[in-house]
Amino acid sequence: MTLRSQPKLELHLHLEGAAPPAFIRGLAREKHEDIGGIFDERGHYSYTDFWHFLKVYEVATSVLRSPEDYRRLTLAVLEESAAQGVIYSETFLSPDFCGGRDLSAWRDYLAAIEDAAREAEATMGITLRAIVTPIRHFGPEKARETARCAAETAGRFVTGFGIAGDEKVLEPKDYLWSFDCAREAGLGITAHAGEWRGPDHIRATLRDLKPSRIGHGVRAIEDLALVDELAETGTVLEVCPGSNIALGLYPDWRKHPIGQLHHRGVKVTVSTDDPPFFHTTMTREWDRLADAFDWDQGVFDTLNRTALDAAFCDAETKAEIA
Ligand code: ADE
Ligand code: ZN
């Protein structure tokens with residue numbers, strides 16, 4: 001089956017993680033940088049495990065050094081998303097990579113990214129919004145600077161705040177100040193949890209950071225009381241099955257917990273996370289889920305409706321997409 005032409009909403013996409021390898025190689029060539037070690041013989045990103053993936057991600061990102069680089073990246077990424085039927089996308093952006101958390105530089109990067117998003121909306125029919133995201137393993141002080149950048153630029157384009165990176169570093173409460181700052185600025189809140197740590201970490205994240213959405217969250221399945229709680233509170237999971245399988249969390253699509261989570265009433269959505277790293281696209285995610293769980297168009301309509309309800313954009317934008 002292929003569901004390529006169906007309209008799709010995607011809530012969990014890292015902009016640098018969506019960079020086509022050929023795009024990153026082209027930029028490296030322009031800047032006379034040798035980053036060949038991060039690619040395999042076929043030109044794909046190459047890594048051994050999640051922690052190595054994070055390193056490779058940072059090396060690839062190191063060639064993105066100006067607002068113009070990010071403008072070109074955004075256009076390349078949105079072109080691919082639009083080709084997969086994506087009509088609305090929320091992308092993680094990190095001031096760590098965009099101007100080193102300097103507010104004035106961050107504004108310049110943001111202007112370039114937003115400019116590309118406007119162009120893509122006009123020419124490709126895809127709407128983009130941004131979730132500002134500290135990198136957990138860069139530590140709480142840098143997260144605070146990131147939160148200040150987020151709060152200063154919150155608005156129609158910057159609509160959310162999250163946290164990514166190595167989930168095993170520190171605890172949710174260590175990032176409390178940053179999340180309170182972002183929430184007070186009116187940003188929607190999400191946090192990666194339940195990918196590399198289990199149910200207790202999801203519980204601590206819900207208690208301390210108070211997100212309406214969880215990035216991944218799939219390891220909630222190890223505690224059915226938590227699954228019931230997620231269903232009752234309507235917490236939305238940004239599930240990225242292809243990412244989880246590529247990183248070895250689950251051996252295959254049939255063993256992925258998204259089927260059970262959906263069945264038990266948890267609000268799930270589907271995203272690609274870092275598509276070229278995991279050899280996936282939104283179409284592939286939907287096709288594999290249809291095959292693994294016999295999901296029909298009704299289920300995919302529900303995923304889209306859940307994503308629209310949980311999206312961090314304003315009501316006017318939602319009405320335009322619906
Ligand atoms: N950054 C990019 N992809 C990520 C993932 N799957 N988990 C945590 N941080 C990330
Ligand atoms: Zn992610």
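User: At what angle do the axes of helix α3 and helix α4 cross?

Analyst: Please bear in mind that this is a predicted model. The axes of α3 (residues 67-83) and α4 (residues 103-124) cross at roughly 30° and come within 8 Å. Angles under 35 degrees count as roughly parallel, so α3 is roughly parallel to α4. The crossing of α3 past α4 is right-handed.

User: At what angle does α4 pack against α5?

Analyst: The angle between α4 and α5 (residues 140-153) is about 55°, and their axes are 10 Å apart. Roughly perpendicular begins at 65 degrees, so α4 is oblique to α5. This crossing, too, is right-handed. L103, W106, R107 and L110 of α4 meet C149, E152 and T153 of α5, a set of 4 nonpolar, 1 polar and 2 charged residues.

User: Which residues touch the most other members of the largest nonpolar core?

Analyst: In soluble globular proteins, nonpolar side chains tend to be buried together. Here the largest nonpolar core has 84 residues, and I113, V132, A150, F161 and A311 touch the most other members. The element that gives the most to this core is α4, with 8 residues.

User: With which residues is V132 in contact, leaving aside its neighbours within four places in sequence?

Analyst: With those neighbours set aside, V132 contacts L93, P95, T146, C149, A150, V158 and F161.

Key: Residues are numbered from 1 along each chain as its sequence is written. Chains are lettered from A and ligands numbered from 1 in the order in which they are written. This is a predicted model: local features need pLDDT of at least 70, side-chain atom pairs count only at pLDDT 80 or more; totals for chains, interfaces and linings use all residues. Axes are lines fitted to C-alpha atoms, for helices over the stretch in contact, and angles run from 0 to 180 degrees between N-to-C directions. Helices (H or I, at least four residues) and strands (E, at least two) are DSSP runs, numbered from the N terminus. Angles under 35 degrees count as roughly parallel, over 145 as roughly antiparallel, 65 to 115 as roughly perpendicular and the rest as oblique. A crossing is left-handed if the near helix is turned anticlockwise from the far one by less than a right angle, and right-handed if clockwise. A nonpolar core is a set of buried Ala, Val, Leu, Ile, Met, Phe, Trp, Tyr and Cys residues joined through C-beta atoms within 7 Å. A residue is buried if 20 or more other C-beta atoms lie within 10 Å of its own, exposed if 12 or fewer, and partly exposed in between; C-beta atoms are placed from the backbone. Two residues are in contact if their C-beta atoms, placed from the backbone, lie within 7 Å. Ala, Val, Leu, Ile, Met, Phe, Trp, Tyr, Cys and Pro count as nonpolar, Asp, Glu, Lys and Arg as charged, and the others, Gly among them, as polar.
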